[in-house]
Amino acid sequence: MADSNDSIPLDTEKIYFGGKEHHVRTRCGSLSVIVYGDQHKPALITYPDLALNHVSCFQGLFFCPEAASLLLHNFCIYHISPPGHEFLQLGAAPICPSASARCVDDLADQILEVLNFFGLGAVMCMGVTAGAYILSLFAMKYKKRVIGLILISPLFRAPSWTEWFYNKVMSNLLYFYGMCGLLKELLLQRYFSKEVCGNTEIPESDIVQACRRLLDERHGSNVMQFLQAINGRPDLTSGLKRLRCRTLIFVGDSSPFHSEALHMTSKLDRRFSALVEVQACGSMVTEEQPHAMLIPMEYFFMGYGLYRPFHLSDSPRSHLSPSCISPELLSPESSGLNLKPIKIRVSHYT
């Protein structure tokens, strides 16, 4: 780990239920990283979608007892927030407007600096939509530093004209009005299905209300910088076939990025990838239907010799290294993942 001058650890255990915040200085500015668990365990890093942080994007998954048991038993979790997306009360100052704009390559390079800061080698990655794009780009640039990808409603192509225009509207709203009501409605439609967003007859669900409150903590200028970087992203299609890490993709069938996830799956090497479509769900499967992620993740991790604690509670911790695992165990078939995309049906819970 870097010396103390490069880190500003804060005692935030009461806020983060055992996690601690570190500010990691990078070439493109400081990043907030919340660390949960035993740092001697293999690392799983997360990266959220636009305008979100680890609480608003991954809390539902980690509050699901079975999923939390699986993840925290096997990994130390490193939640990386995009620049300026950490909690306001913990120091998320507005990014100076005169600061040079970051591109997606800068954001991917920041992840490498975070890994180096904590002395991490190859890691497991989990990202949602824009965060999934950043982690996919990172995996392409630094292949030896990523052992697996869990992508939720991912982006990988350059924006379509529809998305580009939609993002431009949001950029203008951010520039002139900040985190206004209309902008939050557009973001909530990006994250969630209509079933939980509610209508004139059905009130919006608790998770949408909670997300709406957390969006109030965002600085419009910080969100705009991340949005501009994502709206200027290049197409990653040509690099997908060269990805050799195993990839598990989740997407809600009501996600505006559903077709993107299907197309990405078709371009990945089918020996190393699988798709799970979740019914009655939007983009943020981690919040809306986190229980749907449990069994696919459990089979996925079995390919690395990792299990839920009640399976191997007395066994030594498995190191997350493919050299420790037989080649047969790394195959999708052996870990319960079909070579063809798989679909699971999950009934909607209100």
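**Notebook: second pocket and helix packing**

I looked up which helices line the second largest pocket, and I found that helix 6 (161–177), helix 7 (181–191) and helix 12 (258–267) each supply at least two residues of the lining. The model I consulted is predicted.

Helix 6 gives the largest share of this lining, with four residues. I noted a space of about 320 Å³ in the second largest pocket. The pocket is lined by 16 residues, and those closest to its centre are Ser-160, Thr-162, Glu-163, Pro-256 and Phe-257. I sorted the lining by class and recorded six nonpolar, five polar and five charged residues.

**Entry: helix 6 and helix 10**

I next followed helix 6 to its packing with helix 10 (residues 220–231), where the angle is about 160° and the axes are 9 Å apart. Helix 6 is therefore roughly antiparallel to helix 10, the cut-off for that term being an angle over 145 degrees. I recorded the crossing of this pair as left-handed.

From helix 6, I listed Glu-163, Trp-164, Asn-167, Lys-168, Met-170, Ser-171, Leu-174 and Tyr-175 in the contact. Their partners in helix 10 are Gly-220, Val-223, Met-224, Leu-227, Gln-228 and Asn-231. By class, the contact of helix 6 with helix 10 holds seven nonpolar, five polar and two charged residues. I also noted that Glu-163 is among the residues closest to the centre of the second largest pocket and takes part in the contact with helix 10.

**Entry: helix 7 and helix 9**

I then examined helix 7, which packs with helix 9 (residues 206–215) at an angle of about 135°, the axes lying 11 Å apart. This angle makes helix 7 oblique to helix 9. I recorded a right-handed crossing for helix 7 and helix 9.

On the helix 7 side, the contact is made by Lys-184, Glu-185, Leu-187, Leu-188 and Tyr-191, and on the helix 9 side by Val-208, Cys-211, Arg-212 and Leu-215. I counted six nonpolar and three charged residues in the contact of helix 7 with helix 9, and no polar ones.

**Entry: helix 3 and helix 14**

Last, I looked up helix 3 (residues 65–74) and helix 14 (residues 294–302), which pack at about 20° with axes 10 Å apart. Helix 3 and helix 14 are therefore roughly parallel to each other. Their crossing is left-handed.

I listed Glu-66, Ala-67, Leu-70 and Leu-71 of helix 3 against Leu-294, Met-297, Glu-298 and Phe-301 of helix 14. The contact of helix 3 with helix 14 comprises six nonpolar, no polar and two charged residues.

Definitions and conventions: Residues numbered from 1 in each chain as written. Predicted model: local features only at pLDDT ≥ 70, side-chain atom pairs only at ≥ 80, totals over all residues. Heavy atoms only, no water. 1 Å grid on protein atoms, 1.4 Å probe; cavity = no way out; pocket = protein on both sides within 12 Å on 5 of 7 lines; lining within 4 Å. Points joined across faces, edges and corners; volume = space filled by probe spheres on them. Nonpolar A, V, L, I, M, F, W, Y, C, P; charged D, E, K, R; others polar. Axes fitted to C-alpha atoms, helices over the stretch in contact; angles between N-to-C directions. Parallel < 35°, antiparallel > 145°, perpendicular 65-115°, else oblique. Left-handed = near helix turned anticlockwise from the far one by under 90°. Contact = heavy atoms within 4.5 Å.
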